[in-house]
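My entries follow in the order in which I made them.

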Amino acid sequence: MRAVVTNGAGEPSVMTVGEVPAPVAGPGEVLIDVVAAGVNRADVLQRRGFYPPPPGASEIIGLEVSGRIAGLGEGVDGWQVGEECVALLAGGGYAEVVAVPVGQVAPVPAGMDLVSAAGVMEVAATVAPNLHRMGLKAGETFLVHGGSGGIGSFAIQYGKAIGARVFTTASAGKLDHCRELGADEAIDYRGDWVAAAKDATDGRGVDVVLDVMGAKYLGPNVDVLARGGRIVVIGLQGGRKGELDLGVLLRKAGTLTATSLRARPAAEKAEVVRDVVEEVWPMYADGRIKLAPETRFPLADVAAAHTHLDSGDNVGKVLLVVAE
Ligand SMILES: NC(=O)c1ccc[n+]([C@@H]2O[C@H](COP(=O)([O-])OP(=O)(O)OC[C@H]3O[C@@H](n4cnc5c(N)ncnc54)[C@H](OP(=O)(O)O)[C@@H]3O)[C@@H](O)[C@H]2O)c1
């Protein structure tokens, strides 16, 4: 099969399309003929050598796909060859065929184009469980960092669907995109976003922060927190080691936690996928959540897709079209 082959780590040019052996479906797995793959920030980190696949996962980059069932491994039922689906992967998505545990396969959200569907699973399966864990409730204030990206574009809309008041940070040129998605306050992250968020809450601060910056925002995130507030770190774009003033966290009775979807065992991922299909797919179907703007590249232009994401010009999701 054709797949993206990575020759060392570094710039997008380390990725080329080559011939590799096709995977086989092991017990409890299905094979998918991939139609499109989502391109995520984590893929960029893997390409640069900072985010190796978990043990046992494919070395091929790619955490989510859409496609059609091509084969069933031993003990799998509930799917027919040829059926359209989406899947959450531990790796292997930038390829014509992928093998995946059946629990991580889901139907395409009703009415959604199969190529677009490649970009909905990773964001939903990341954001929804984290906000449940943080106990985000209607009427609370929710701050999403990076509202212009794939995760952020989904998180703004999901926060609004829950009934939260949603704040977001993004670069100046992308603030209108965030407002169009429903953000109540869209704040330029190059300015004093802590002060802006405090002003907008009469000094109270925000109840929940979804953070993609890590170390760089550790102090400011605690600073912007309301009493009883909760921070969940899901990205380390601003580094992994920072200094935390526990005195401030303690006075606010705050919570700080961090999670990685990719590192979760298959059984947990299956549970997450089930919950997402039950809760989030109807939100797409009835319009509470809309697809983020998307930029599509053919598989052969994988380097251009990563260059586009690296450039900082992207808004919403980037997709690799493998077959149509
Ligand atoms: N832990 C998990 O389970 C998990 C799962 C999926 C993703 N993630 C992480 O989530 C993050 C977002 O992923 P993605 O695929 O949505 O990436 P993406 O589409 O590239 O989005 C990255 C976002 O970060 C924003 N950003 C850059 N510098 C910023 C700053 N100083 N302050 C606030 N925002 C800033 C960008 O804003 P501008 O474009 O406006 O500059 C952009 O919105 C990544 O760090 C990824 O690794 C984690």
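**Ground rules.** I noted that this is a predicted model, in which local features need pLDDT of at least 70 and side-chain atom pairs count only at pLDDT 80 or more, while totals for chains, interfaces and linings use all residues. Residues are numbered from 1 along each chain as its sequence is written, and side-chain values use heavy atoms, with hydrogens and water left out.

**The open sheet.** I looked up the strand order and found six strands in an open sheet, running β10-β9-β8-β11-β12-β13 with parallel pairing. Strands here are DSSP runs of E with at least two residues, helices are runs of H or I with at least four residues, and both are numbered from the N terminus; two strands pair if DSSP finds at least two bridges between them. β10 (185–188) and β13 (255–258) stand at the edges with a single partner strand each, so one side of each has no neighbour in the sheet. I also noted that the twist averages 15° from one strand to the next.

**Strand β11.** Is β11 buried or exposed? I found six of its six residues buried, so to the definition: buried is under 20% relative accessible area, exposed is over 50%, and partly exposed lies in between, with a 1.4 Å probe and protein chains only. On one side, β8 and β11 pair in the parallel sense over three bridges, and Phe 142 stands opposite Val 208 in β11. β11 also pairs with β12, again in the parallel sense, over five bridges, and there Val 209 stands opposite Ile 231 in β12. I recorded that β11, helix α6 (residues 218–224) and β12 make a right-handed β-α-β unit, where right-handed means that, with the strands pointing away from the viewer, the path from the first strand over the helix to the second runs clockwise.

Helix α3 (residues 150–162) lies across β8 (141–145), β9 (165–170) and β11 (206–211), and runs at about 170° to β8. Axes are lines fitted to C-alpha atoms, for helices over the stretch in contact, and the angles run from 0 to 180 degrees between N-to-C directions.

**Strand β15.** Five of the five residues of β15 (residues 317–321) are buried, so this strand is largely enclosed by the rest of the structure. Lys 317, Leu 319 and Val 321 point one way, Val 318 and Leu 320 the other. Strand β3 (residues 29–39) pairs with β15 in the antiparallel sense over four bridges, with Val 318 as the bridge partner of Val 39. Strand β14 (residues 294–298) pairs with β15 in the parallel sense over five bridges, and Arg 296 stands opposite Leu 319.

**Helix α1 on α10.** Helix α1 (residues 41–48) and α10 pack at about 110°, their axes 10 Å apart. That makes α1 roughly perpendicular to α10, a class covering 65 to 115 degrees. Arg 41, Asp 43, Val 44, Arg 47 and Arg 48 of α1 meet His 306, Leu 309 and Asp 310 of α10, contact meaning heavy atoms within 4.5 Å. The contact residues divide into two nonpolar, one polar and five charged; Ala, Val, Leu, Ile, Met, Phe, Trp, Tyr, Cys and Pro count as nonpolar, Asp, Glu, Lys and Arg as charged, and the others, Gly among them, as polar.

**Helix α2 on α8.** The axes of helix α2 (residues 121–133) and helix α8 (residues 266–279) come within 10 Å and cross at roughly 90°. By class, this contact has eight nonpolar, one polar and one charged residues.

**Two positive phi values.** Most residues other than glycine have a negative phi. Asp 202, in the loop between α5 (193–200) and β11, has a positive phi near 50° and is exposed at 77% relative accessible area. Ala 253, in the loop between α7 (246–251) and β13, has a positive phi of about 50° and, at 40%, counts as partly exposed.

How values were computed:
Parallel < 35°, antiparallel > 145°, perpendicular 65-115°, else oblique.
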